[in-house]
Each structure stands twice: as structure tokens, then as C-alpha cells.
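Q: Please take a close look at one part of this model, the salt bridges, and go through them in one connected account. Cover the strands and helices around them as well.

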Amino acid sequence: MAQIFDTHAHYDDEAFAGDYREVIAAFPQYGIGRCTDVASTMESVDRVLSLAHEFPNVYAALGIHPSECRDLTEAFLEEMEQKARDPKVVAIGEIGLDYHFPEEDPDPALQKKWFVRQLVLAQKTGFPVIIHSRDAAKDTFDILQEYHSGLAGGVIHCYSYSTELAREFVKLGFYLGIGGVLTFKNARKIREVVRVIPLTSLVLETDCPYMAPVPHRGERNSSLFLPLVAQAVADCKGIDPEEVIAVTEQNAERLYHV
Ligand code: NI
């Protein structure tokens, strides 16, 4: 039977320090099968790997988030490349661009440099990519248009841009990650994206501990809330949630080659 595949979780986050074992052990009760735990900081890389080793149904993605790239070095990327040989690693991510807090985040030029370097690493190692892109639509698209051909695919995680751009990313071979935001009252734009983009190009994700769906908005998110997102996708498309769960699970398997 099909089970929900959470394509983007952060169980390595301190928000789960006290009970990640209990949350992951509860997956089957809620219809959740597998998840990919995604690194974001330099410190998180080893935590994500050890988590993936602890649970057969947890995969690992290694990468440095654009807001965390200030201290990144070539030496660290080489180390990460070695660690990516681990059989539980399925992707490079999360990587990308985030221009939402220009005062706090690294300079766009520095973000672009490390985004491109990690795309090249993904090309070299043959892994798909997990893209984080916030308020940086044009630069993200331009860079991915340039580099997508050598990539083993990828996902635009927490997709937040227009329907037109969604179509363009899908043309480049990317999946769109759909999470709790879809259930927010003001998410008209994303509901439209989910309506028009074929289900075969969508994957489910939490980005937990962030982005809990309604009626849990503001609480700590976890994969256990994903049935609410599957239902919201089903409502947008006028189909059965079982179909959403089955097709997005197959999509996640294709995305991560598992
Ligand atoms: Ni994330």
C-alpha cells in the first residue's frame, strides 16, 4: 500500500532533540513511510548522516543552505563530497538563494558562488538537488537554466513563486515541493500552482519543524501532519487523497532514485 513520502524534513533540528525517535517510530500509524532528512548548516551534515543510519526509512541529503554559507570553504565541500559516498545519501541540499533578509543573510554574490559550487558538486557526484529559493526567483531560474542539463534532476522545495515560473521549472525537469503553506488561508497563489501543475511533478514535504499545516499552524511541524497536506492537494485537484499519496510517493522515488 502507498505511504506518504516526506521529501524534506529536519529531524536533526534541536526542536526534535527530545523525541525524534518517538516521532519517527509513529510514522506507520499516520500512514507515513519514508522521509529525507535535509542538512542546512555545516554542523548539521554529520547529524543528518547519523540519523539516516539510525532509521532504515530515513534518507540523507547533504548541502549548505544559502543563509548558512558565510563560513563555507572548498575544504568543507571536499569533505562533504567524501561523506556523500555513504549509501544513505540521496541528494545534495538544501542549496540555493535566499534574499528575504538582506540585512542578515550573506551577500547575494557569495550565495550565488556557493550555490553554483554545490550544483557542480551534484553534477560531479550524480545526485539530484534540493533547491531552497526565497525572494530570488530570477537568479535561481537563471542559474538552474544554465546548470540543469548536467544534473540528475531535483526539487524546488517549498515552492512559492508563480504558476508561469512553475511551468518553466517543470520543463527543466524539477519537481515542486508542496507543504503546509498550501493549507494557509492566504495561499491562493500556491493553490493555483497545485491546480495547474500535473500531479506527476509534485512531491509532499514538511520542512519540519517549520511550516505546520492548518489547524496546527505555528506549532512544531512533523511528518505526522502530512495527511492534512495530501488532503489539501486532493481538494485542489478534485481527486482522492489516496491518489495523491500514491503518485507523490512514486515521484519521490524517482526524484531520489530509491
Ligand atoms: Ni528546509
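**Salt bridges and their setting**

A: A network of salt bridges links Arg34, Glu249 and Glu253; a salt bridge here is a side-chain nitrogen of Lys or Arg within 4 Å of a carboxyl oxygen of Asp or Glu. The model is predicted, so local features need pLDDT of at least 70 and side-chain atom pairs count only at pLDDT 80 or more, while totals for chains, interfaces and linings use all residues. Residues are numbered from 1 along each chain as its sequence is written, and side-chain values use heavy atoms, with hydrogens and water left out.

Arg34 is the bridge partner, in β2, of Phe5. Strands β1 and β2 (residues 32-38) pair in the parallel sense over four bridges; pairing requires that DSSP finds at least two bridges between two strands. Helices (H or I, at least four residues) and strands (E, at least two) are DSSP runs, numbered from the N terminus.

The open sheet has eight strands in the order β1-β2-β3-β4-β5-β6-β7-β8, with parallel pairing. Its edges are β1 (4-9) and β8 (202-204); each has a single partner strand, so one side of each is left without a neighbour in the sheet. From one strand to the next, the twist averages 30°. Helix α9 (residues 241-256) packs on the sheet and touches β1, β2, β4 (89-98), β5 (129-134), β6 (154-157), β7 (174-178) and β8, where contact means heavy atoms within 4.5 Å. The direction of α9 makes about 100° with that of β8; axes are lines fitted to C-alpha atoms, for helices over the stretch in contact, and angles run from 0 to 180 degrees between N-to-C directions.

The count of salt bridges comes to twelve. One of them joins Arg21 and Glu54, with the closest N and O atoms 2.6 Å apart. This pair links distant parts of the chain, with Arg21 in helix α1 (residues 20-25) and Glu54 in helix α2 (residues 44-54), 33 residues apart. Arg21 is partly exposed at 48% relative accessible area, and Glu54 is partly exposed at 33%; buried means under 20%, exposed over 50%, partly exposed in between (1.4 Å probe, protein chains only).

Arg117 forms a salt bridge with Glu74, the closest N and O atoms being 2.7 Å apart. Arg117 lies in helix α4 (residues 108-125) and Glu74 in helix α3 (residues 74-83), 43 residues apart. Arg117 has a relative accessible area of 26%, and Glu74 one of 35%.

Glu81 and Lys124 meet in a salt bridge at 3.0 Å, N to O. Glu81 is in helix α3 and Lys124 in helix α4, 43 residues apart. Glu81 counts as buried at 17% relative accessibility, whereas Lys124 is exposed at 61%.
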